[in-house]
Amino acid sequence: MIFPRLIWSALAAALLVGTVQSGIQQWQAVPIVLAAEVYEGQRLEAPSAPAAAQVHVHAEGVAAEPAHAHGTAQEWMPAEGAERIFWTWTANALHAFSMALLVFAVMGVCVWRGTAVRSLQMGLLVAAAGWLSFHFWPSLGLPAEIPGMDAARLGSRQGWWVLAAVSAGLACGLLAGWRSPLRWAAAAAWLALPFVVGAPHTTADPLAGFNGDAQAQLRELGTQFVWATTWVSVSFWLAMGLVCAAAFQRWLRPVLQATFEPSKQNALVAKAVNP
């Protein structure tokens, strides 16, 4: 009974929050990405003559015979317009579905522990912890990047991002679930760990291949993109907290309380009989 309610609640939250996120992305972030993509083809490259010829032939071969000349097909990309908007919305809805399941799981643990907090307050607190863990803390070391910027190896950046997110999540968990005064020091240590390790960055200028005017424009777009992605993430987690709190109060909390209360009473009776 609980599992179907959990899935349907997460799906309802995902459809609503994913739609909100897609709308804010189209308003805040997408114009910056499209503006940066205009400059992406203006990078100044200086390869050697044989390498340049090889790249040129490869590009012509792919354009003429993508499947026969090289044995590989071109990478699929959604077309501009409605198709790109649809697949962006689909990705946002799937992301919101996974995050809603996580939020519901944490709220369920709080109910199991007997936390006397209203669903709205609980949902907003869990959403705040999610924003800190999945956006704010990793972005301090690896801010959002616009198209065309050079960066460190993808695997290194992904590994550091996971470390920062897990560290922030553990810090939030310690502060919420541990009653010892040492929890503040332990949480601070977890928060500091990814920055002690150090975020991976390229040693060269990430915009080294562009001319002066393009670099100036891209740096400005990069700053705007950092703020845009911050507002997108804030709106996502705020909507997630509000929607999940309402869904949890309506569909999940009554069932969870009805499930947990008898087991707690039985545990109290067993403890009284066998102290």
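1. Is Arg84 buried, partly exposed or exposed? At 25% relative accessibility, Arg84 counts as partly exposed, where buried means under 20% relative accessible area, exposed means over 50%, and partly exposed lies in between (1.4 Å probe, protein chains only).

2. This is a predicted model, in which local features need pLDDT of at least 70 and side-chain atom pairs count only at pLDDT 80 or more, while totals for chains, interfaces and linings use all residues. Residues are numbered from 1 along each chain as its sequence is written, and side-chain values use heavy atoms, with hydrogens and water left out.

3. The structure holds four salt bridges, a salt bridge being a side-chain nitrogen of Lys or Arg within 4 Å of a carboxyl oxygen of Asp or Glu. One of them joins the side chains of Arg84 and Glu37 at 3.5 Å, N to O; Arg84 lies in helix α4 (residues 82-112) and Glu37 in helix α2, so this pair ties together parts that are 47 residues apart in sequence. Helices here are DSSP runs (H or I, at least four residues), numbered from the N terminus.

4. Arg84 also meets Glu80 in a salt bridge, at 2.5 Å from N to O. Glu80 is exposed at 55% relative accessibility, whereas Glu37 is partly exposed, with a relative accessible area of 32%. Through shared partners, salt bridges join Glu37, Glu80 and Arg84 into one network.

5. A salt bridge also forms between the side chains of Arg219 and Asp205 (2.9 Å, N to O). This pair links distant parts of the chain, with Arg219 in helix α8 (residues 212-273) and Asp205 in the loop between α7 (183-197) and α8, 14 residues apart.

Key:
Helix = DSSP H or I, 4+ residues; strand = E, 2+ residues; numbered from the N terminus.
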